[in-house]
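Hi there,

Here is the structure I promised to pass on to you.

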Amino acid sequence: MTGTRPHRVLVIEAGGTSDPLAGLEADGEIALTVASRSDEAGSQLADTDCVVAVHGEGVDAVAVLTQVREFDPELPVVVVAADLTVASDAVAAGVSEFVPAESPDAADRLHGRVLAAVAASPPDRSDEAGGVP
């Protein structure tokens, strides 16, 4: 990633770093900011390239997705959840990507899906949201 800034990813999860998040920043392509509640995240969305919502106790990933879509319909959102019902609800709500939390390669999948979601977003989205080019 010579000469470019890392993708700014806002992670919303309730309790510490979940397994799929392990190593997400290792290659320097992604810079994480972690919030434990969705209401903490609102002020950070303008400076975010992608949101990762980790569904679990204290975080309703579909509700996070809905809040993000109200703020910016084009901001990529990746949902991580063990419950496939959440996946179905997230797809219905317009999720960009979904990662099953319990899959053995969840960390690799999450990394790939975040990069894919950011790549698929409009190229000028970060400029419109006040991000740094």
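R113 is partly exposed, with a relative accessible area of 27%. Please keep in mind that this is a predicted model. The side chain of R113 forms a salt bridge with that of E97, at 3.6 Å from N to O. This pair links distant parts of the chain, since R113 sits in helix α4 (residues 106–120) and E97 in strand β5 (residues 97–100), 16 residues apart. E97 is partly exposed as well, its relative accessible area being 22%.

D105 has a relative accessible area of 33%, so it counts as partly exposed, and R109 is partly exposed at 31%.

Then there is D49, whose side chain meets that of R5 in a salt bridge of 2.7 Å, N to O. D49 lies in the loop between α1 (38–41) and β3 (50–54), while R5 belongs to the segment before β1 (7–12), so the contact ties together parts that are 44 residues apart in sequence. Buried or partly exposed: which is D49? With a relative accessible area of 5%, below the 20% cut-off, D49 is buried. R5, by contrast, is partly exposed at 27% relative accessibility.

R8 comes in here too: R5, R8 and D49 are linked in a network of salt bridges. Altogether, the count comes to 4 salt bridges.

Happy to hear your thoughts once you have had a look.

Best wishes

Key. Residues numbered from 1 in each chain as written. Predicted model: local features only at pLDDT ≥ 70, side-chain atom pairs only at ≥ 80, totals over all residues. Heavy atoms only, no water. Helix = DSSP H or I, 4+ residues; strand = E, 2+ residues; numbered from the N terminus. Buried < 20%, exposed > 50% of the residue type's maximum accessible area, 1.4 Å probe, protein only.
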